[in-house]
Amino acid sequence: MAKKSGGPNKSQSIRDYYGANPDAKPMEVAAELSKKGIVVTPAFVSTVKSTTMGKSAKKSARKSAKKPAASVKKTTGAKRGRPVGSTNKATSNEVSLDSLIQVKKIVEEMGSVQDAKNALTALEKLMG
């Protein structure tokens, strides 16, 4: 559809009016513009105001509310999506075969069961 030419730009007229009267209500803006021969509805005035007025304020508010993606790092267990190291209280006394194999490797790396226990005690104190 071809664009009509010759008439005033309604949206720009609304922005201009709000520039001079920032606290005006949409009905007031529509009434004042109709006196100048620019026919707009209060709903259209509200739409123009919300989409064009204050865009930079909205944009900066969104930017400040965003958190950097790198700081939102989540470590989860592979099977159930639980954080690594978390246990279900109902099964806290049960130990899986995979866990025992991992503990055995740690004990072999540490040298003895007692050295592994000492390391775990120190780690517990560090984690608070």
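Predicted model: local features only at pLDDT ≥ 70, side-chain atom pairs only at ≥ 80, totals over all residues.
Residues are numbered from 1 along each chain as its sequence is written, and side-chain values use heavy atoms, with hydrogens and water left out. Local features need pLDDT of at least 70 and side-chain atom pairs count only at pLDDT 80 or more, while totals for chains, interfaces and linings use all residues.

The chain holds six helices and zero strands. Its pattern along the sequence is α-α-α-α-α-α. Helices (H or I, at least four residues) and strands (E, at least two) are DSSP runs, numbered from the N terminus. Of the 128 residues, 11% are buried. Buried means under 20% relative accessible area, exposed over 50%, and partly exposed in between (1.4 Å probe, protein chains only). Among contacts with a separation of 6 or more, 35% join residues 24 or more positions apart. A contact requires heavy atoms within 4.5 Å.

The largest nonpolar core comprises eleven residues: I14, Y17, Y18, A24, V29, A30, L33, I38, V40, V45 and V48. Helix 1 (10-20), helix 2 (26-35) and helix 3 (42-52) each give two or more residues to this core. Such a core is a set of buried Ala, Val, Leu, Ile, Met, Phe, Trp, Tyr and Cys residues joined through side-chain atoms within 4.5 Å. In soluble globular proteins, nonpolar side chains tend to be buried together. Core residue I38 touches P8, K10, S13 and L33, leaving aside its neighbours within four places in sequence.

Helix 2 has V29, A30 and L33 as its buried residues. Viewed down the axis of helix 2, these buried residues fall within an arc of 100°, so they line one face of the helix. The arc is taken over directions from the helix axis to the C-beta atoms. The buried residues of helix 2 pack against helix 1 and helix 3. Exposed M27 and K35 sit on the face turned away from the buried side. G37 follows helix 2 and has a positive phi, near 90°.

A pocket is an open set of points on a 1 Å grid over the protein atoms alone, where a 1.4 Å probe fits, with protein on both sides within 12 Å along at least five of seven lines. Its lining residues have an atom within 4 Å of a point. The lining consists of Q102, V103, I106, V107, M110, V113, A116, K117, A119 and L120. Helix 5 (97-110) and helix 6 (113-127) each supply at least two of the lining residues.
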